[in-house]
Amino acid sequence: AAFFGPVARGNPVVDSFETELRRVLSSLRRLRGAGEAKPPQHDLHRQRANTLFNIWIKYKARLPEWYYNERLVKVGDTLAQIKEYKLACLQCYERYLQQFVSVNLDDVMDDVHRFKSTFFPHGVRDKNATLTFHALQARNVCIYQMVCSRDRNLQNPESLQTCLNALTSLRLTMQVALPQENLCWLIYNGTIHIYTICRHLMVRGQSAKVLEYLLWASVCMESSIPLLSVYYLTWRATLYTAVSQCYFDCQAGIHGEIFARRGLIKIDELKKLEDISSSLEDTEREKIFREATLKMSVMIFKRAVYESRRKSNSFRHESKVNPRKAVNLSWPRTTTERLLVAMFDGAAAQFLAILEALSDRSRNLLPPHPPVPEQIEIRDVTSELFSAGLEILSGNSLKKPKQENIFVITAGENGVSGDAAVKFVKLAFSYEEWNVFYSAFKFVGNFLQAQDDPTWKKAEIELKLLTLMQPIVFPGKFECSFSISDDDNSKECSTPQGSETTQTIRSEYCSESLKPGDPFHDLRILATTVFSCVSTSEQNVHPDKEILVDVVLCLWQKCKTELQQIQMSGSDCLEYIHKHQAYQLIHILWIMNGIIEKSNIAGTNVMFAEITLCLAAILENVADS
């Protein structure tokens, strides 16, 4: 919303005020555009911050109060847009809010009555209330962004608490504004801010702490009459999905399914109202409802696909299908595939349901491990999901999504998105479904190599690293195992074809010739490949930091014992290195240290300090030898 109102033109005080504001904002934009500031630029930034501070002091008594306050908030919005969150918060929003309270602003956020009497002494219908609501909300957004800038992974407990405090403050602001229909824009923006912060915390394993806020955001969308229209349904369904996902993260899948079913009921209620009278085109309206319904159905499938098998053992014999014979069977071949067909139309929607059913926030990409089977049937469901996903992937052309929301490109369509396919390959690696991993990798790899966009180049690099990691995580012969039903007896059967695929993929990516007798060959190839990936100046193709951390930690675990022996050899260091042929290990350690430095991941794990100290100790020993 724009708060800048009309003022008398030609007023020299106003003109001077606006000129000085434009000058300092323009300078801050240039400094922000310069990227990481050098020390002299830090000094310039501090000077501009002081200039802005002096402007507010200089003109406060010389301008109309309403005009001064509107410019405070408007300039804050401009600073937030150029990511000057600290300046926006301290110099604008908090400066505006300090007219209401002389103590710490956060001290009045714990009681709704105190909150209302402090910031809205004349009631929420007062002409200045809208500006105050906006400043309160924008301040919390800036506080969250400031936390992200200094502690993106929320490793400091204070960072987590600050985010939770921001969520509480946002909820309180929305609670007071909710009865006013003219403030529906603030409710809508508030749900977006809550969702953004909560999703970040969910990724960091804090789903239990954010569930109440996502529930609140969902209820707000249902309680504001202007936000109940079909126009906002896509966003409302996104909030419903986040709530269900939170329940799943908290190992309360039954509540996740119940909430998703509740969401379906709400969607159906709106559809019935829209069928009576709608201003939207039928095709557009149907697309919105189809997408919202898909989101809820996926969350229902996420639990139902497993629960339908856990409830009864009668499926066991029926569900087992010999993988070698599966190619000759028509789709759907298994109980899982039949449920997919019953619940979803189109291969893309079915593929999305498979991804969600396999996704588990408690499961890391590395190290890979199969699911812990509560019952053999549950393990079977996982294998059937991967088998179904591979069947869909191999029978459909991949497509590049036009936007990040994967639901938009899958609702009612048959093409599988490239993003979804990459995620499927990573999941196959994580679950040790090697046959699926290598088969899907060939198909997805061809798609990625044909793309020019940096996003796809980054995905290709990440999958490349996974193929290089497998012989390290699973040394020796790589086999693809799957269950086969033979009457009432179940046994494991293996095929060596994964090993051949490994050699093919590695030979495509690795410039070095394979040396079977070299125990450090695979480690060296992985280390040099990762170093090459993070050394490129194209930052947007660098692998995600999570993968880089996992790869470096994997290398360290494989080398740690022998490297520490070298470290403790003291003045006999060179003799020890020569005797045990450990030159390559030290080279790998050197590369690992380079990866940590170039990728800026040193602060993400305390073990990286151990790696650096080990290298320093070995180099000192070599110097003393």
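Does K426 count as buried or exposed, and what is its relative accessibility? At 19% relative accessibility, K426 counts as buried, where buried means under 20% relative accessible area, exposed over 50% and partly exposed in between, with a 1.4 Å probe and protein chains only. The structure is a predicted model, in which local features need pLDDT of at least 70 and side-chain atom pairs count only at pLDDT 80 or more, whereas totals for chains, interfaces and linings use all residues. Residues are numbered from 1 along each chain as its sequence is written, and side-chain values use heavy atoms, with hydrogens and water left out.

K426 lies in helix α19 (residues 418-430); helices are DSSP runs of H or I with at least four residues, numbered from the N terminus. Leaving aside neighbours within four places in sequence, K426 is in contact (heavy atoms within 4.5 Å) with L365, E462, L463, L466 and I547.

R236, in helix α10 (residues 233-249), is likewise buried, at 3% relative accessibility. Residues up to four places away in sequence not being counted, R236 touches M221, E222, L228, K266 and L270. The C-alpha atoms of R236 and V219 are separated by 9.4 Å, the two residues being 17 apart along the chain.

Helices α3 (residues 65-81) and α6 (residues 129-150) pack at an angle of about 30°, their axes 11 Å apart. Axes are lines fitted to C-alpha atoms, for helices over the stretch in contact, and angles run from 0 to 180 degrees between N-to-C directions. The two helices are therefore roughly parallel, a term for angles under 35 degrees. The contact is made by N69, E70, V73, D77 and A80 of α3 and by L131, H134, A135 and C142 of α6.

Definitions and conventions:
Parallel < 35°, antiparallel > 145°, perpendicular 65-115°, else oblique.
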